[in-house]
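Subject: Structure for you to look at

Dear colleague,

Here is the structure that I promised to hand over, and below it you will find my notes on what was found.

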Amino acid sequence: MAGRHRKRPGLPVQIPQQRASRPVGMVDARTRVEHLVPDDVLATHRLNYLTRCGAVILAASLTEPGRSRCRECAR
Ligand SMILES: [Zn+2]
């Protein structure tokens, strides 16, 4: 029986690659302007987020449509 207990190669399971940080649109509750927040910042789950343009926003309801989009973030 020796030598017949070889391990079968495992199925190639790939760990999903981390996608590149993708900014998420977030409306500022005060100005109603939609800024882009990098998802790593979003992952901190705070009320205030540092946006792509450097503004710190107070997150509005996600159903809040917002009035306009931040031009600085869109660049
Ligand atoms: Zn912005």
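Which residue in β2 is the bridge partner of G25? In β2, that partner is L36.

Before going further, please keep in mind that this is a predicted model, in which local features need pLDDT of at least 70 and side-chain atom pairs count only at pLDDT 80 or more, while totals for chains, interfaces and linings use all residues. Residues are numbered from 1 along each chain as its sequence is written.

The protein has two helices and five strands, where helices (H or I, at least four residues) and strands (E, at least two) are DSSP runs numbered from the N terminus. Along the sequence they follow the pattern β-β-α-β-β-β-α. The radius of gyration, taken over C-alpha atoms, is 22 Å, well over the 11 Å that the globule rule (2.2 Å times the number of residues to the power 0.38) gives for 75 residues, so the protein is more spread out than a compact globule. Its C-alpha trace spans about 75 × 25 × 20 Å along the principal axes.

As for the sheet, it is an open one of three strands, ordered β1-β2-β5 with mixed pairing, and two strands pair if DSSP finds at least two bridges between them. Because β1 (24–27) and β5 (68–69) stand at the edges, each with a single partner strand, one side of each is left without a neighbour in the sheet. Strand β2 (residues 33–37) runs antiparallel to β1, and four bridges join the two.
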